[in-house]
Amino acid sequence: MASGGRLDEAAVIDRFRQRLRDASVLCGIGDDAAVLRYAGPLAATCDVLVEGTHFKPGTNPYYLGRKALAVNLSDLAAMGAAPKHALVALTLPRADAAWLARFAKGLLAVAAEHGVSVVGGDVTGGRTLSISITALGAAPKRPLYHSGAKPGDDLWVSGEIGKAAWEWESKAKPGPRSALHNPRPQVELGQFLAGVAAAAVDLSDGLAKGIAVLAKASGCGFAVDAAAVPFHPKMAGDAVSRRRALTFGEDYQLLFAARPKQRAAIAAYGRRTGLALSRIGSAEGKASFVLDEGKKISIQRLTKETYDHFKKSRSEITIGSDMHGG
């Protein structure tokens, strides 16, 4: 450790060594590359979180560490994959020992919760704090794609919609139950859906965007009933709040399409696990819309209100979120 509570490069890397190791890790942190064993298809995803774009300066590093890995595991969940390994790359303005200890504690806690081994990465100095994580998982024989929905399929969503938006508006502090700062990736649900659902997407960018993604990839439209959407109570009271909840994102739930014959199996899973699973609409026609208090709202129009890194500035977003993306 360098003087003044700062770490050198080797000490930073040591923060991410963990005892968790399984037979699939032939070589982890310490060599030029990790060597891993996979018996079948591999699912891989990468997310980058940048200070000032995805999170505010001064964000609690423990919850930042948790979220940084969780958002990647949510992507794997949407594919029906079982997470196995992660690589962590950091750009640090300064290698502060206390900050890194809390960040690593949060990240490694999520890794342990889901049986993930941190097997490598990189660290470098730079002007802006940036966190890049690559997560790898064992994909099922039939991974969940965006493109599997057909007319007549049911549309389902897990958990609540809009809790992250409410926390942003109310400036809620990070905590164990925070949706915005401490999302819970639906890993177990994703693996269950691999044998049940026809298509799925994770809700990082909002329910409206998720519907649009499934519709475009599957070549069909979705009719959604706003009364069936499980809005967070603080976002369900009026049409304006519901619209914000539909477009804000950061919920990290799963949106999925399934054949009607799977209703009993899906409901049984929800009862067994205590996870709320709501049937909110169906695939039909070509155009997608949300029916709210008798008014049809175009999904295409709603997606124009969602955040896009390259098309809108923060000042143009109705609920600008410095936690958005991924």
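Ala111 is buried, with a relative accessible area of 0%, where buried means under 20% relative accessible area, exposed over 50% and partly exposed in between, for a 1.4 Å probe and protein chains only. This residue belongs to helix α3, and its C-alpha atom is separated by 9.0 Å from that of Lys84, 27 residues apart along the chain. The model is a predicted one, in which local features need pLDDT of at least 70 and side-chain atom pairs count only at pLDDT 80 or more, while totals for chains, interfaces and linings use all residues. Residues are numbered from 1 along each chain as its sequence is written, and side-chain values use heavy atoms, with hydrogens and water left out.

Helices and strands are named here as DSSP runs numbered from the N terminus, helices being H or I of at least four residues and strands E of at least two. Helix α3 (residues 97-113) lies across β4, β5 and β6, and runs at about 165° to β4; axes are lines fitted to C-alpha atoms, for helices over the stretch in contact, and angles run from 0 to 180 degrees between N-to-C directions.

The sheet under discussion is open, with four strands in the order β3-β6-β4-β5 and mixed pairing, two strands being paired if DSSP finds at least two bridges between them. Its edge strands are β3 (42-50) and β5 (117-125), each of which pairs on one side only, and the twist averages 15° from one strand to the next. Helix α2 (residues 61-78) also packs on the sheet, touching β3, β4 and β6 (130-138), and its direction makes about 145° with that of β3; contact here means heavy atoms within 4.5 Å. Strand β4 (residues 82-92) pairs with β5 in the parallel sense over eight bridges, and Thr91 stands opposite Thr124 in β5.

A further set of pairings involves β9. Strand β9 (residues 222-225) pairs with strand β11 (residues 277-283) in the antiparallel sense over three bridges, whereas β9 and β12 pair in the parallel sense over three bridges. Ala223 takes part in both pairings, with Ser282 as its bridge partner in β11 and Phe289 opposite it in β12.

Which elements cover the buried residues of helix α7? The buried residues of α7 (residues 239-248) are Ser241, Arg242, Ala245, Leu246, Thr247 and Phe248, and their cover includes α4 (163-170), α6, β12 (289-292) and α9 (299-303). After the helix comes Gly249, whose phi is positive, near 90°.

Gly249 leads on to Gly206, which is in contact with Leu246 and Gly249 when its neighbours within four places in sequence are left aside. Gly206 is placed in the loop between β8 (199-202) and α6 (207-218), and it counts as buried because its relative accessibility is 2%. The C-alpha atoms of Gly206 and Arg244, 38 residues apart along the chain, are separated by 9.3 Å.

Another loop residue, Ser178, lies between α4 and α5 (187-193) and is buried, with a relative accessible area of 5%. Its side chain makes a polar contact with the side chain of Glu167 at 2.8 Å and reaches the backbone nitrogen of Leu180 at 3.4 Å. A polar contact is a pair of N or O atoms within 3.5 Å; within protein, one must be able to donate a hydrogen and the other to accept it, and residues adjacent in sequence count only if both atoms are side-chain atoms. Not counting residues up to four places away in sequence, Ser178 touches Glu167 and Pro183.

Cys27 counts as buried at 18% relative accessibility, and Cys46 is partly exposed, with a relative accessible area of 45%. A search of the whole structure finds zero disulfides, a disulfide being a pair of cysteine sulfur atoms within 2.5 Å.

Taken as a whole, the chain has nine helices and 13 strands, and buried residues make up 54% of its 326 residues. Among contacts between residues at least 6 apart in sequence, 84% join residues at least 24 apart.
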